[in-house]
Amino acid sequence: VMAFWILNESLSILLGLSWLGVNLYLFIDTFSWYEEEESFLYTRVILGSTLAWARASAVCLNFNCMLILLPISRNLISFMRGTSTCCRGPWRRQLDKNLKFHKLVAYGIAINATIHIVAHLCNLERYRWSQSTEAEGLLAALAKLGKTPNESYLNPIRTFHTNTITVLLTTIAGVTGLIISLAFILIMTSSTEFIRQVSYELFWYTHHVFIIFFVSLAIHGAGRIVRGQTPESQLLHNVTFCKDRYAQWQTAAQCPTPQFSGKEPSAWKWVLGPVVLYTCERIIRFWRFRQEVVITKVVSHPSGVLELHMKKRNFKMAPGQYVLIQCPSISWLEWHPFTLTSAPEENFFSVHIRVAGDWTEALCKAFGAGGQARKESWSLPRLAVDGPFGTALTDVFHYPVSVCVAAGIGVTPFASLLKSIWYRCESHPQLKLSKVYFYWICRDPRAFEWFADLLLSLETLMSERGKAHFLSYHIFLTNWDENQAVHIALHWDANTDVITGLKQKTFYGRPDWNHEFRQMAYTHPSSNIGVFFCGPKALSKTLQRMCRLYSSADPRGVHFYYHKESF
C-alpha cells in the first residue's frame with residue numbers, strides 16, 4: 001500500500017525534488033564560480049568564502065522570488081486547469097497544490113535570505129577590519145586602494161572607525177536590504193494560521209507589502225558594493241603574477257594598479273516576467289471590478305449565513321469554483337474568496353457567507369441580515385466580483401465514484417456540485433460519475449436548514465428516475481443540548497428526520513472513517529475513487545491518511561485520490 005501511495009504521489013515528490021535540485025545546482029554552481037573566478041581573487045583576499053556564500057544565496061533568492069508569484073496567479077492556474085491539454089490526470093492534480101508550492105518557495109526565500117544577510121554582515125565586518133592597523137601585506141594594500149582622487153577602490157568602507165550600521169543606513173544596498181528584510185518578515189509572520197484566523201484583514205493588508213518587497217529587490221544591487229576586477233584590468237594586470245608584487249603596483253609596467261567595478265544588478269531580470277504576469281492579473285481584476293454586478297436576491301439564513309444571488313454579464317462558471325468579492329463601502333482594498341453555491345445551469349450565481357470576522361459581519365449588516373430591517377434593492381451596497389477561479393472540486397465528474405466530505409460552512413462548494421448533478425441527471429442520463437457519497441459534519445442543527453431543501457429535491461429526483469442509490473448522503477451532528485436530544489428521541493420513529501426533514505436519518509457524533517473507507521473499498525473493489533474535502537486541517541490529515549491506508553497496492557484494485565479545497 002505504501003509503495004502504491006509513493007507511486008501515486010511520485011509526481012508531487014518529483015516536482016518538489018526538481019525545485020530543490022535547481023536550488024542546489026544554482027547555489028553550488030554560483031558558489032564554485034565565486035570561489036574560483038580570477039576577477040574576484042582580490043575580493044576573496046578581503047572577504048574569504050563569505051563572498052561566495054552571499055552571492056550563491058543571492059542567486060537562489062532571485063530564482064525563488066521569480067517563482068513566488070506564479071502559484072498565486074489565479075487566472076493562469078484557471079487557464080491551465082480548464083483549457084490546457086498538458087494538464088491531465090496527475091498533472092492536473094498538482095494545480096490543487098499551488099498554495100503549498102507558494103509556501104514552499106517562501107520557506108526557500110527565508111532560508112536563503114538568512115544566509116545572504118549573515119554572509120553580508122560578515123563581509124561588512126571583514127571590509128572594516130581590513131582598514132585596521134593589524135591588516136598587513138596584500139590585504140592592507142587592497143584596502144588602501146582609492147586613497148588618492150580618481151583611484152579605483154575595492155573596499156567600500158574607507159576607514160576602520162566607520163560604523164557598519166551607518167553603512168547599512170546610508171547605502172542603496174543597505175537601505176533596500178533592510179526594507180526587503182522587514183517586508184518579508186511582516187509577510188511571513190502575518191501569514192501564520194493563527195493570524196489568518198484571528199484577523200484575516202491583517203493578513204490581507206500585510207501581504208500587499210510584496211509590492212515594496214519587489215521594488216526594493218529590483219534596485220537592491222544598484223549600489224554595487226561587492227566589487228571585482230574589470231575585464232580591461234585583467235588584460236593588463238595578471239593576478240596570478242602580480243598578487244605577490246603588490247608593493248610595485250604603482251611603478252611596475254607589468255603590474256599596473258588593478259581597476260575594480262561593482263557587479264551589474266541582475267535581480268530585476270529574474271523577476272521581470274512574473275511581475276509583468278502578475279500585473280496583467282491585476283489589470284484583469286480591475287477590469288472585472290468595473291463590471292456591473294446586479295444583486296437579484298438576498299436571503300438571511302440561521303447561524304449567521306447570508307445568501308446572495310447575483311448576475312453579471314458574460315459570467316461563466318463550473319461546479320466548485322470560487323469568486324473574490326469586494327464591497328467598496330466596507331473596504332477598497334479587501335477581496336475575500338467565497339465558493340459559488342449555484343450551478344452552471346442556473347441563470348444566476350450565488351454565494352453563502354457566514355459571519356466569521358469584521359468584514360463578513362459588516363457585509364451582513366450592510367445587506368440587512370441578522371434580524372435587521374429588510375433593505376430595498378436600490379439601497380443595497382455595490383459589490384465587485386472577480387472570477388470565477390477553478391479548484392479541485394471541478395474534477396468530481398472525472399471519477400466513476402466520488403466522495404465529498406464537508407465540515408461546517410465547508411459545505412458551500414458542494415452545494416454547487418450537488419445542484420449540477422441534479423441538472424446533469426436530467427439532461428445527461430449517461431454520466432461517467434455513477435456514485436456519490438456525501439458526508440457533512442456540523443455542530444449547529446440550525447446550519448442544516450438552508451441546505452436541506454437542496455438535498456430533499458435531489459432525493460426526490462433520484463427516486464423518480466430510479467437512481468435512489470446514486471447519491472448516498474450521511475449527515476453528522478456533533479453538538480446538541482438536552483432539550484434537542486429529548487425532541488429527537490420522541491420523533492425517532494417518524495418517516496423523515498426531525499432535523500433535516502429528509503428520509504435519511506441524521507447521525508449523532510463523528511464518522512468512523514475506518515469503517516466508511518473499508519466499506520467503500522469493499523463496494524467498489526476495482527475503481528478509482530476521488531475524495532474531495534473542504535474543512536479544517538485536522539480532518540484533512542485524517543482523510544488523507546485513510547486514502548493512503550485503503551488504496552490497494554495492486555494497480556487493478558481500488559485507489560483513493562485525495563483533493564482538498566483551498567483558496
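This is a predicted model: local features need pLDDT of at least 70, side-chain atom pairs count only at pLDDT 80 or more; totals for chains, interfaces and linings use all residues.
Residues are numbered from 1 along each chain as its sequence is written, and side-chain values use heavy atoms, with hydrogens and water left out.

The second largest pocket holds about 1,000 Å³ of space, a pocket being an open set of points, on a 1 Å grid over the protein atoms alone, where a 1.4 Å probe fits and with protein on both sides within 12 Å along at least five of seven lines; the volume is the space filled by probe spheres set on the points, which are joined across faces, edges and corners. Its lining (residues with an atom within 4 Å of a point) comprises 42 residues, of which His-116, His-120, Ala-173, Gly-177 and His-220 are the closest to the centre. Among the elements that give two or more residues to this lining are α4 (50–67), α9 (164–170) and α16 (267–290), while α7 gives the most, with eleven residues; helices (H or I, at least four residues) and strands (E, at least two) are DSSP runs numbered from the N terminus. The lining divides into 26 nonpolar, twelve polar and four charged residues, where Ala, Val, Leu, Ile, Met, Phe, Trp, Tyr, Cys and Pro count as nonpolar, Asp, Glu, Lys and Arg as charged, and the others, Gly among them, as polar.

The model contains 24 aromatic pairs, defined by ring centres of Phe, Tyr and Trp (its six-membered ring) within 6.5 Å, with planes under 30 degrees apart counted as stacked, over 60 as edge-to-face and the rest as tilted. One of these, Tyr-42 with Phe-260, is edge-to-face, at 6.2 Å centre to centre and 70° between the planes. Because Tyr-42 lies in helix α3 (residues 41–47) and Phe-260 in strand β2 (residues 260–262), the pair ties together parts that are 218 residues apart in sequence. Tyr-42 is buried at a relative accessible area of 1%, and Phe-260 is likewise buried at 5% (buried, under 20%; exposed, over 50%; partly exposed in between; 1.4 Å probe, protein chains only). Ring pairs also link Phe-184, Phe-210, Phe-213, Phe-214 and Tyr-278 into a cluster.

Six strands form an open parallel sheet in the order β12-β11-β10-β9-β13-β14, pairing being assigned where DSSP finds at least two bridges between two strands. β12 (507–508) and β14 (559–564) each have a single partner strand, so one side of each is left without a neighbour in the sheet. Two bridges join β11 (residues 471–477) to β12, and Leu-477 has Tyr-508 as its bridge partner in β12.
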